[in-house]
Amino acid sequence: MIKISLIILQLLFFIGVAPLLSGLITKLKNNLRMRRGMSILQPYYNLIKLFAKGQVVSGTTSWIFKITPVVVISSALAAALLVPVFIFSTPLHFTGDFLALIFIFSLGRFFLALAALDTGSAFGGMGSSREMFISSLVEPALCLTVFSIFLQFGSTDISVFKSSTPISVSSIIGAIALFLVAIAETSRIPVDNQETHLELTMIHEAMVLEYSGGALALIELAAHIKQMIWFLLIAQIIFPVQAVDLSSPGGLFFWTGWQIARVLLIAGAVSLVEVSVAKMRLFRAIDFLGFVFVLGIIASICAILRV
Amino acid sequence: MQFTILFAVLISTYLMVIAKRMPALIRAFRYQSFCLFLATFLMAIKQSEPDLYAVAALLFILKVIFIPQLLYRTVKKIKAKEDLGLFINPQLSLLWALGFTYLSWEFSTNFISQGNEVKAVMLTIAFFVVLAGIFLMVSRMTALAQIIGLLAMENGIFLLAAAVTGGMPFFVEIAIFFDVLVSVLIMGFFVYRINKFFTHIDVNKLSRLRG
């Protein structure tokens, strides 16, 4: 019973807080650029607006177009249950590990690419082709990095990350690689630009261009949740935490505060990167992600050498 | 801590290899030198030798501040900002660099330091930095990029000396620094002259005499 309530709590937490994180990053970016920026709550307003609006579906689309938003949001929520938030272990850790998380994300992306092709518009096809191009480069880099973490912790279960080994070279390099992967995966600036609707530069936005109303809201919410999951995972690796007693109020307070602080730190780092770096040409992404791949290799080697 | 700095050197060398523009290359060189400075400084603290402090300070002043600034200024002066004259594109260079890393790992584990893993890692990274410097000199066609390749090689040799002997004698170190400084000054001037005569610094095209 406690377990089920925990699962529901975690789902509600992700749905409720993930847009806030996106709003916070946007606000930080704007402030770094010496602008006032929109409210932190803007993503919520967007979602409410979109849910209230009607939906336009092209007559030429098939069932794939209709089920894709549901698949995307459910894959994001399923992945959210594989991340430790309130307690050290993940709510669904008996069903999968880090690799499962990667492939659950891939499922959502696969359907999104199919749906973009389904509408038959030129933008959709271009967007899904680019998305697949990027993800084919991201995946090997991500897998290598994850392997280095597995080697270090001796398990593929995400909840073992808490086991507080002192920060090693391999975990530092792995965390840098994961950070860069997360930038590519959450379609942030050196690789993609979330703010643009310019046809030459958009990748993720091009795929969801045909969606409107509630379906678009679901896809956006899924993107927010995905970003939150990535940040929590990186936080888990960069700033590992000693096992604290969660039943005492002090331990709970410490755990919550530390969790919030490290996610905020990563959000700050992301917004700094976004402000200070220019977007790359699409084919420069190969260099960027190739570098991440090499970082993954180095991290694995360090893990094998145990340094 | 020592390992962190060593691997930071490794990563900054990879950054040099994938750099596509001159400022990026200079910045990566600056990172590399800074990591080297940190390593020397750490060694100085550990051994508490005043000589090493002086070497670290010189390293910082010359290679982190002065030489990159000089190179930036040269780049600005000759207005050849974008091009590195890539002979091998960044992705392929990265693969080459990985191959070099493997090669130097094999070399240092099998031939030099059998059984001693810490020393093997140090030697691997030092050899790799030297090899990457040579690679940069061979595969980049502009004179400025080749200068940076030479400087990277020099950094690698510094690291190698530190790995093998724990630092060269103070006066040798000073002499090398002076050498590097003078050579960079002369080469910077050369690049400027080449650019003035030929209106480019592409070494590949310097096969024709011009009065």
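Two residues are taken to be in contact if their C-beta atoms, placed from the backbone, lie within 7 Å. By this criterion, 13 residues of chain B are in contact with 14 residues of chain A. On the side of chain B that touches chain A, helix H1 (2–18), helix H4 (90–112) and helix H5 (117–139) of chain B each supply at least two residues. Of these elements, H1(B) provides the largest share, namely seven residues.

The structure described here is a predicted model, and the scores assigned to it are an ipTM of 0.76 and a pTM of 0.85. For chain B, the mean pLDDT is 85, with 95% of the residues reaching 70 or more.

Chain A contains ten helices and zero strands. Its elements accordingly follow the order α-α-α-α-α-α-α-α-α-α from the N terminus on. The C-alpha trace of chain A spans about 55 × 45 × 45 Å along its principal axes. A compact globule of 307 residues would have a radius of gyration near 19 Å, and the value for chain A, 19 Å, therefore agrees with that expectation. Buried residues account for 43% of the 307 residues in chain A. Among the contacts in chain A with a separation of 6 or more, 79% are between residues 24 or more positions apart.

The surroundings of one residue of chain A, Phe86(A), were examined individually. Phe86(A) lies in the loop between helix H3 (63–80) and helix H4 (98–118) of chain A. Because 14 C-beta neighbours are found inside 10 Å, Phe86(A) is classed as partly exposed; this class falls between buried, which requires 20 or more such neighbours, and exposed, which applies at 12 or fewer. When residues up to four places away in sequence are not counted, Phe86(A) touches Leu6(A), Leu9(A) and Gln10(A). A further pair considered was Phe86(A) and Trp230(A), which are 144 residues apart in sequence. In space, the C-alpha atoms of Phe86(A) and Trp230(A) are 16 Å apart.

Notes: Residues numbered from 1 in each chain as written. Chains lettered and ligands numbered in written order. Predicted model: local features only at pLDDT ≥ 70, side-chain atom pairs only at ≥ 80, totals over all residues. Helix = DSSP H or I, 4+ residues; strand = E, 2+ residues; numbered from the N terminus. pLDDT = per-residue confidence, 0-100. Rg over C-alpha atoms; globule rule 2.2 N^0.38 Å.
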